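The sequence and structure are shown below.

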Amino acid sequence: MDATLKQRIEDQIKSARVFLYMKGTPTFPQCGFSGQVAHILNSYGIEFGSCNVLEDMSIRQGIKEFANWPTIPQLYVDGEFVGGCDIVTEMHQSGELKPLLEGENAA
Amino acid sequence: MRCIAAIRIITTMPESRPEKIQRLLTEALTPTHLVIEDQSHLHAGHAGARESGGGHFAIEIKSPAFEGKTALQRHRMVYDALAEMMPREIHALSIRS
């Protein structure tokens with residue numbers, strides 16, 4: 001993929017410990033899956049960065065290639081891809097998400 | 001879903017999206033359990049669905065190939081198997097494995 005675009009994405013996911021690519025914004029999600037992940041993150045009361053892919057077609061396509069993951073939303077923690085809506089929801093329900101978001105697993 | 005697949009062969013109807021999903025997943029992952037639910041009607045008309053024309057599907061799948069794999073890896077295996085359908089035929093996929 002284009003090196004400039006890759007750099008932009010890398011800079012974005014490093015701009016916050018927890019970063020979400022979504023359709024719409026955390027306040028006004030424009031897709032149920034994106035809204036659900038934003039809602040889960042909000043329930044932990046943590047701050048997270050987000051990018052509305054509907055406002056940037058190059059990011060919208062590029063992020064799929066970047067993560068080798070065909071759908072949005074995409075959640076990143078500490079620069080690592082965590083998953084989409086199903087995985088985040090599963091981890092939320094199983095209790096795995098909390099320590100990951102709070103950094104208790106950090107080395 | 002197996003019944004639907006059998007009917008298709010007899011009548012030579014064009015393969016529906018759920019049938020295609022079933023075929024691709026069966027070929028790639030030989031699942032022991034597979035349920036495909038077309039949820040496109042729930043999402044008709046929302047922004048993404050309009051653009052790509054693809055459907056929303058929910059899949060429940062169990063496969064011996066998933067043994068020892070993380071959820072992320074299992075999802076990737078399903079996406080890989082269905083790559084040719086995304087995003088034109090599948091806009092969104094919910095996977096329970």
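How much area do chain B and chain A bury between them, and what percentage of it is on carbon and sulfur atoms?

## Interface between chain B and chain A

In this predicted model, the two chains bury about 1300 Å² between them. Carbon and sulfur atoms carry 58% of that area. The size of an interface is often given as the accessible area lost when the parts come together. On the side of chain B, three residues, B:Leu72, B:Arg76 and B:Tyr79, supply 36% of the area that this chain buries against chain A, more than any other three residues. The contact draws 16 residues from chain B and 16 residues from chain A.

Between chain B and chain A there are zero salt bridges, whereas five residue pairs are in polar contact, both partners being at pLDDT 80 or more. Three elements of chain B each give two or more residues to the side that touches chain A: helix H4 (47-52), helix H5 (71-81) and strand E3 (90-96). Of these, H5(B) provides the largest share, six residues. By class, the residues on this side of chain B comprise seven nonpolar, six polar and three charged.

## Helix packing in chain A

Within chain A, helix H1 (residues 3-14) and helix H3 (residues 57-67) have axes that come within 10 Å and cross at roughly 85°. H1(A) is therefore roughly perpendicular to H3(A), since angles of 65 to 115 degrees count as such.

The contact is formed on the H1(A) side by A:Leu5, A:Lys6, A:Arg8, A:Ile9, A:Glu10, A:Gln12 and A:Ile13. These residues meet A:Ser58, A:Ile59, A:Gly62, A:Ile63 and A:Phe66 in H3(A). Taken together, the contact of H1(A) with H3(A) contains six nonpolar, three polar and three charged residues.

## Salt bridges

How many salt bridges does the structure hold over all chains? The total is nine. In chain A, the side chains of A:Arg8 and A:Asp56 meet in a salt bridge, with an N to O distance of 2.6 Å. This pair links distant parts of the chain, 48 residues apart: A:Arg8 belongs to helix H1 of chain A, and A:Asp56 to the loop between strand E2 (49-52) and H3 of chain A. A:Arg8 is also one of the H1(A) residues that meet H3(A).

## Backbone features

Most residues other than glycine have a negative phi, and most peptide bonds are trans. Which residues are joined by a cis peptide bond in chain A, and where does the proline lie? The bond joins A:Ile72 and A:Pro73, with omega about 15°, and A:Pro73 lies in the loop between H3 and strand E3 (74-77) of chain A. The loop between H3 and E3 of chain A also holds A:Asn68, which has a positive phi of about 50° although it is not a glycine.

In chain B, a cis peptide bond joins B:Met86 and B:Pro87, with omega about 0°. B:Pro87 lies in the loop between H5 and E3 of chain B. Both H5 and E3 of chain B are among the elements that give residues to the side touching chain A.

Technical notes. Residues numbered from 1 in each chain as written. Chains lettered and ligands numbered in written order. Predicted model: local features only at pLDDT ≥ 70, side-chain atom pairs only at ≥ 80, totals over all residues. Heavy atoms only, no water. Contact = heavy atoms within 4.5 Å. Buried area = accessible area lost by both parts, 1.4 Å probe. Salt bridge = Lys/Arg side-chain N within 4 Å of Asp/Glu carboxyl O. Polar contact = N/O pair within 3.5 Å; in protein donor to acceptor, adjacent residues only side chain to side chain. Helix = DSSP H or I, 4+ residues; strand = E, 2+ residues; numbered from the N terminus. Nonpolar A, V, L, I, M, F, W, Y, C, P; charged D, E, K, R; others polar. Axes fitted to C-alpha atoms, helices over the stretch in contact; angles between N-to-C directions. Parallel < 35°, antiparallel > 145°, perpendicular 65-115°, else oblique.
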